Amino acid sequence: MAFRLLQVAAFAVAAALVALTLLHGAASLPSSGAILLLTAVPTLLAPLFWSDAGDPRRELPGEILSWAFVVILLAGIGWIVLGVRLALAPLGLASLVALGILVVAFLSKSMLEAVLQGMGAHAATARQASAWAVTATLWLAASTPLWLGPVADLNARHEPMAPTIILACSPLAHLAAAAGNDVLRGEWFYGHSSLGSLQVDYPRVGTVLVAYLLLAAALSLLLAAARRWSQLTAISRHAAK
Amino acid sequence: MLQRLALVTLAGMMLAAPAARAADTMDPQLREKARRAVDAGLNYLRSQQAEDGSVAKSVGITALSLRAFLESHRGYNEGDGPFITKQVEFLTSKVNADGSISESLQNRSYNTAVALNALAATKNPKYDSIMAGGRKFLTGHQIDESEGYKPEHRYYGGVGYGGDERPDMSNLYIALEGLKAASTDPKDPVWQKALVFVNRSQNRSESNDQSWAANDGGFVYMPGWNPPEFENGTNSYGGMTAAGLVSLLFAGVDKSDPRVQAAYQWITSNYSLEVNPGTNAKHGLFYFYNAFAKVMAAYGADEFTDGKGQKHNWRNELAQKLVSLQAPDGSWSNPNSNKWWEDKPQLVTAWSVIALEQALK
């Protein structure tokens with residue numbers, strides 16, 4: 001019950017954020033900013049709604065389709081009702097990056113779930129815990145420019161690549177690079193993250209996509225291994241009883 | 001024969017005029033030191049050039065470096081060798097389909113503007129079409145009705161780094177400098193739109209319709225906002241006041257205009273080379289030196305009296321300061337701040353050389 005309430009609360013906050021942004025500055029919201037908003041919010045929230053998902057081979061296409069539906073719905077509202085303009089090429093690129101994030105997040109969640117089950121956790125508990133853990137990790141990674149900004153600031157003189165490395169860890173930066181939005185120099189981030197005033201390069205979109213592809217391949221192998229281990233431990237636990 | 005002699009005499013007088021002016025206003029010994037500092041700075045920049053002619057692999061820094069060479073007392077030009085032509089080639093190799101000159105999506109506006117300045121300094125008509133493209137990109141990039149902004153919006157008329165993000169006074173001044181170098185028609189609407197943003201960034205309630213505006217005549221980073229590094233709310237500060245004042249002059253506002261006078265009053269009253277004036281911070285200090293030199297040269301005053309009644313010769317004092325801060329390898333960098341890349345010696349050296357060149361003019 002508490003989990004459901006948190007889900008609804010998170011969704012309500014996100015929906016309010018998108019609605020307020022669109023209503024407040026729909027006409028003047030730049031295309032790249034709108035694309036970032038439309039892709040980042042559903043992507044970063046998606047794992048919260050995977051608590052009931054099971055086998056990734058069966059569930060993943062459905063989850064991706066639901067996510068795509070949310071983005072299309074938001075884009076439709078923004079485009080038709082509020083007049084937000086969206087450039088199609090960056091939208092396509094950002095969608096591809098979002099897809100990469102979702103696949104990696106889903107596989108991570110499934111792997112963690114298998115590990116927890118292997119450790120003896122109840123199936124429902126394992127699903128909820130893994131969904132929350134992946135969501136938290138995703139948000140933590142997305143916000144690295146904020147909470148790791150001071151580290152980059154302190155080390156930029158000796159480690160000139162520190163700001164770029166920190167930015168490269170953020171899925172939000174990956175989406176921003178694809179959308180063509182210099183999110184660090186937007187008014188809010190510029191005031192709250194020190195990275196905007198340091199020399200920093202966004203990761204290349206091609207590199208980001210390849211990285212997600214490789215990560216997904218590695219996670220698929222790990223997931224298979226985790227499932228096998230989980231089954232074996234379940235069998236041995238059963239036999240011990 | 002007489003005609004030729006007259007022409008040679010006239011040319012000699014024209015060449016001698018700037019030197020005589022600098023000699024009049026600058027201590028001769030210091031002038032010599034400043035020239036040596038420029039030479040050492042240029043040597044440093046030359047040592048930083050990559051095989052492709054770039055400096056720090058950046059269009060922005062390469063363009064500033066190129067400008068530093070072309071505007072130096074050495075009178076370098078493209079005939080002087082690959083250390084000039086390779087920099088030009090690097091810049092022209094980064095021209096994009098939209099007219100911008102940039103190696104990345106970030107800083108497109110800043111990079112294009114400084115590249116226009118550098119290409120203009122070559123005085124080579126070969127680059128006219130590239131400059132026309134850059135001019136088109138910058139004017140198109142200005143925030144106005146085409147981006148869905150109405151004149152009432154506080155972003156209106158501004159220019160940002162180059163993405164779709166918020167505009168600021170710093171990028172606007174660089175863009176205007178680039179547009180001026182690219183011979184943009186003074187009647188082009190870009191100047192009047194820019195003035196809307198400039199007015200809204202000045203702490204002068206008579207010409208600023210924003211509720212936060214105070215009345216000291218100085219400038220802030222963007223309407224109602226300064227970078228948090230300065231911890232000064234919406235108080236005016238040196239870097240932006242120099243940027244604002246030079247923007248007013250570039251946009252064709254007369255020196256006698258009360259906005260210009262108010263900004264000039266602020267910058268001379270709050271004069272300091274120890275910190276970024278109006279703050280207690282050394283962030284953006286070399287940016288200030290660079291913009292201050294440009295604005296004082298453009299304004300045309302060699303001496304002024306500060307808020308404490310002390311007289312200053314800005315050419316002497318700025319040259320002395322920069323000479324004293326130069327590293328043994330000829331470079332400059334800000335040891336007290338890494339904000340806005342001031343820990344990058346290639347960038348700060350180019351800025352410092354350009355500032356010295358303004359003082360030597």
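Reader: Hi! Which helices do the buried residues of α4(B) pack against?

Author: Hello! They pack against α2, α3 (59–70) and α5 (108–122) of chain B, where contact means heavy atoms within 4.5 Å. This is a predicted model, in which local features need pLDDT of at least 70, side-chain atom pairs count only at pLDDT 80 or more, and totals for chains, interfaces and linings use all residues. Residues are numbered from 1 along each chain as its sequence is written, chains are lettered from A and ligands numbered from 1 in the order in which they are written, and side-chain values use heavy atoms, with hydrogens and water left out.

Reader: Thanks! Which residues of α4(B) are buried?

Author: In helix α4 (residues 82–92) of chain B, the buried ones are F83(B), I84(B), Q87(B), V88(B), F90(B) and L91(B). Buried means under 20% relative accessible area, exposed over 50%, and partly exposed in between, with a 1.4 Å probe and protein chains only. Helices here are DSSP runs (H or I, at least four residues), as are strands (E, at least two), numbered from the N terminus.

Reader: Why do you say those residues line one face of the helix?

Author: Seen down the axis of α4(B), the buried residues fall within an arc of 160°, so they line one face. The arc is taken from the directions from the helix axis to the C-beta atoms.

Reader: And what sits on the face turned away from the buried side of α4(B)?

Author: That face carries the exposed residues P82(B) and E89(B).

Reader: Nice. You mentioned α2 of chain B. How does it cross α13(B)?

Author: The axes of α2 (residues 28–47) and α13 (residues 345–360) of chain B come within 9 Å and cross at roughly 150°. That makes the two helices roughly antiparallel. Axes are lines fitted to C-alpha atoms, for helices over the stretch in contact, and angles run from 0 to 180 degrees between N-to-C directions. Angles under 35 degrees count as roughly parallel, over 145 as roughly antiparallel, 65 to 115 as roughly perpendicular, and the rest as oblique.

Reader: Is that crossing left-handed or right-handed?

Author: α2(B) passes α13(B) in a left-handed crossing. Left-handed means that the near helix is turned anticlockwise from the far one by less than a right angle, and right-handed means clockwise.

Reader: What classes of residue make up the contact of α2(B) with α13(B)?

Author: By class, there are 11 nonpolar, 3 polar and 3 charged residues. Ala, Val, Leu, Ile, Met, Phe, Trp, Tyr, Cys and Pro count as nonpolar, Asp, Glu, Lys and Arg as charged, and the others, Gly among them, as polar. From α2(B), the residues include R31(B), V38(B) and L45(B), and from α13(B) they include P345(B), V353(B) and L360(B).

Reader: What comes after α13 in chain B?

Author: K361(B) lies in that segment, and at 47% relative accessibility K361(B) is partly exposed. The C-alpha atoms of K361(B) and H73(B) are separated by 8.6 Å, with the two residues 288 apart along the chain.

Reader: Another pair: at what angle do α7(B) and α9(B) cross?

Author: Their axes cross at roughly 35° and come within 9 Å. The crossing is left-handed. Among the residues making the contact are Y173(B) and L176(B) of α7(B), and M240(B) and F250(B) of α9(B). The contact divides into 7 nonpolar, 3 polar and 2 charged residues.

Reader: Over to chain A. How many residues of α9(A) are buried?

Author: 9 of the 9 residues of α9 (residues 171–179) are buried, so the helix is largely enclosed by the rest of the structure. Its buried residues pack against several helices of chain A, including α4 (88–118), α5 (123–142) and α11. G180(A), with a positive phi near 75°, follows α9(A).

Reader: And what does S230(A) touch?

Author: Not counting residues up to four places away in sequence, S230(A) touches A114(A), Q117(A) and G118(A). S230(A) lies in helix α11 (residues 205–240) of chain A and is buried, at 11% relative accessibility.
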